[in-house]
Structures are given as structure tokens and as C-alpha cells.
Amino acid sequence: MTELRIEKDSMGTIEVPAHRYWGAQTQRSIQNFPIGVERFVWQRPMIQALGYLKKATALANGVLGELDVSIAQPIAEAAQLVIDGQLDDEFPLVVFQTGSGTQSNMNANEVIAHKAIELSGGDFQVDRTIHPNDHVNRGQSSNDTFPTAMHIAVALQVTQRLLPDVGTLRDTFHELAKRYDTLVKVGRTHLQDATPITLGQEIGAWGVQLDYALKHVEAQLPGIYELAIGGTAVGTGLNAHAEFGDTVARQLVDLTGLPFVSAPNKFYALSAHDALVNMSAALRTLAGALLKIANDVRWLASGPRCGIGEIHIPENEPGSSIMPGKVNPTQCEALTMVCAQVFGNDATVAFAGSQGNFQLNVYKPVMVHNVLESIELLSDACLAFNEHCAIGIEPDEVRIQQNLDKNLMLVTALNKHIGYDNAAAIAKKAHQQGLSLKEAALESGLLNEQQYEEWIDPLAMTSNQTRK
């Protein structure tokens, strides 16, 4: 049997596992919200962010004279253990709780207070010299701490994971683009043959698309760097030192290296979370780019004999339980499923962001949960796709040349010499009679073989500039 202790809060007493650092409000949340299996501990960034915040607030309260150093210092030390992941098991709460995140804030307050007592040489089961509300939560409300932690978590994950991880895949595409800059192939529009491009141009477009998507993500960071802390319950800053918000933001800059600032309007920071909505939208745009790229790759690699088959991608595992030798574009499929999940996450965030009523939005936990999940999925998927697919992309030059030779849209180069209508007639004749473009062109009598060879230059058609 688990040994229990009695904890007390404003609602009365409740039994808590004796060995746990959490207290009454955390235990009530465990009992009152048995919803789903998604826990904030699964998303370490949110736990870490709460640790950063509680350390910064303790240090700020110490600087401002709101807490004695004998209390502020052990709180900061306990918060550092949360940052380091040493107390993750003490954060058992699910995402679907109160919309302000009060239970998760109190979870952090209780764990840090009790650990701080222990670090000070006391027994947290009986000693109450450091109080979760009076000391750890000094100058704060869940209404400003939880959105502050949301922003800290998202900012750290975007800068430390998403941008570099997606950038790795982007860099691979730019490298491949240079490698195959002069390898001419069929272009395709409307899933139909079009005028030639190079494989480098095709892959290069993927890299540029990721460049733009990453710039869009980066453009949302200034809003994420604005913090609600200092607004307390409704935005007025009641019970907080007048300089508390700015002081906490400066502490967070020192702790994280990111340019956090106190939000200029705390009423807005508590009641609306447009910065998260915008970040989620940017993640959706990134997912859309990755979906396009993954689909291009699997179409180009389709076959191997009865599809387009112009590129080879790594063969990572057997593709069928019944068809021997079949290999599928599994990395493409995994990436596209991630993109679909991100689209769904964004729909949740967008709706939740519209639900701020008066001075508070009460969809905070589900908003940050979905944004953090999107970041994690996109980061992981890009690294996996890069390692197990993108870096192994190789052209099938024989197949590329065969397709290029059959491409009737090379006739476009004749437009300025014999006119659009005459060129169209040549292309239609070639298609209908099963002739090569050259055979149909020469039979038309509108040009001779020398002119055909001079005018139909696939590499020259890939640029309106003279190639060196």
C-alpha cells in the first residue's frame, strides 16, 4: 500500500502519496480530470518552461525585496532541478484541465516549494516555511504565469529545435540543387508534360520553399517574446511589484539567452493569444510546404518500372507483406501524415484562440499542447526525412533522358520561329501518329534538320539567360 500524507488547501484536506513533492491542488487535479493520456510531462518543454519561470520570479522577488534571500535562493535552486528534468515524475497532470492552466501552475508551485524546503534542510511533509502560494507564486497568478510559460516553451523549441532541424533538410535540398544544376528533365504542370527544367531547379525550389516557410516562422517570434508576467489575475498587476514584469523578463533573458520582454499591454496578453495563433499558422504553412515536397519526391520516385521513376530514394524496409521485393516511399508517407496532424493542430489552436472572453482566454493548455506537438513532429519528421530519404536522392539519368526525348512540349521552342499554331500542329501530329517530335517537325516542311537541332536545345530552354 502506498503511504499517504494529509495536505491542506482552501478546499480542505486531501490525501497525497507521501513520497511525492506535489500537494493538495495537484492531487485534486489528478482526481478531477482523468481525461486522456496526454500529460504535460510528455512535453518536457512546458515543464522546463515552468522551471525557468519560477526561477526567474524567485530571483526577481529577491532583487525587488519581495522575498528574503533565505527563501528566494532555495526556490531558485529547486526550480533549476525542474529545468534540468530531475523532477519530471512530479508533474502528472493532463492537458485537459482548467483552461487557465491553474493546476499546472500550482503543480509547479507545490513541487518547487516542497523541494526548496528539503534543500533548506527541512521536512516538506510537516514543514511549511516555504509556501506554494505565498512564496513560489509571489506576485503571480496562474493567469499570467501559464501564458508566460507557454511563450517560453514555444520560443525555446522554435529556436533550439525547429529552425535548425528544418534548416538541415533545407540545406540538403540546396546542396542537391547545385549538384544537379545542369541535368535536364521534363517539367510538369497539371500533371502533364511541360517545357524542360533541370533537376537542380526542381529540387532547388523545395529548398527555397522551406526558406520562405522558416522566415514566416521566425517572423512570429517577436510576438512570442512578449510575456504576460506582471499582469497577475486580470492584467492590472494586483499584488505584484510595479517592476516585477520587467525584472522577470530580464532574468529570463539571462537564463535562456532569448530576448524576452514584458508585454506592454497585460490585458491583451491574458485575454488573447494571437502570437500563438500566428505561430501555429506559420507551422501549418511549413507543413504545407513539406507536404508538397514529400508528394513531389514520391511521384518522381514512383515505379520503379511503371511510374515516373526519374529519381531513386533509399530503400529502407520491405514494403509489403504479400508482394515480394516491393519497397515503398515510407519516409514520404510518414512526413505527409505529420503534415496532416499539424493541419489539425492548427485548427484547434485557431478556434481556441478565438475564445478569449473578457479578461481571460481559458483554452491555454490545449493551445500550447498543440503548438508544441506541431513543433516536435515537424522537427523529428524533417530530421528523419533528411537522414533516411533526402540525402540519398539520386537521379536515374537514363529514365530522365528517355522521358525528355519523348517530351512533345519541347515544341515550345519553335513558337518564335514558326508560330504557335504551326508548332501546335506538329505536336498534335506527333502524338496522334506516334511519331517523335523531330519526325513530325521535319515532315511539316516548316524547318530542316539543322534548324531543328539548333532551335530545340533542352538545356538552353531551362533558362532565359545564356548558360556558361
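Contact here means heavy atoms within 4.5 Å, and the tour below applies that meaning to a predicted model.

Begin by selecting helix 11, residues 274–300, together with helix 12, residues 330–353, whose axes come within 8 Å and cross at roughly 160°. That angle makes helix 11 roughly antiparallel to helix 12, and the contact of the two helices has, by class, 16 nonpolar, 6 polar and 4 charged residues. If you turn the view to look through the pair, helix 11 passes helix 12 in a left-handed crossing.

Helix 12 passes helix 13 in a left-handed crossing. To see the contact itself, show side chains on the helix 12 side, including Leu335, Val338, Val342, Asn345 and Val349, and on the helix 13 side, including Met367, Asn370, Leu377, Leu378 and Phe385, which are among the residues where the two helices meet. By class, the contact of helix 12 with helix 13 has 14 nonpolar, 8 polar and 1 charged residues.

Finally, select the cysteines: how many disulfides does the structure hold? The structure holds 0 disulfides. At Cys382, which counts as buried at 0% relative accessibility, the sulfur is 7.9 Å from the closest cysteine sulfur, in Cys339, too far for a bond. At Cys389, which is buried with a relative accessible area of 2%, the sulfur is 4.6 Å from the closest cysteine sulfur, in Cys332, again too far for a bond.

How values were computed: Residues are numbered from 1 along each chain as its sequence is written. This is a predicted model: local features need pLDDT of at least 70, side-chain atom pairs count only at pLDDT 80 or more; totals for chains, interfaces and linings use all residues. Side-chain values use heavy atoms; hydrogens and water are left out. Axes are lines fitted to C-alpha atoms, for helices over the stretch in contact, and angles run from 0 to 180 degrees between N-to-C directions. Helices (H or I, at least four residues) and strands (E, at least two) are DSSP runs, numbered from the N terminus. Angles under 35 degrees count as roughly parallel, over 145 as roughly antiparallel, 65 to 115 as roughly perpendicular and the rest as oblique. A crossing is left-handed if the near helix is turned anticlockwise from the far one by less than a right angle, and right-handed if clockwise. Ala, Val, Leu, Ile, Met, Phe, Trp, Tyr, Cys and Pro count as nonpolar, Asp, Glu, Lys and Arg as charged, and the others, Gly among them, as polar. A disulfide is a pair of cysteine sulfur atoms within 2.5 Å. Buried means under 20% relative accessible area, exposed over 50%, partly exposed in between (1.4 Å probe, protein chains only).
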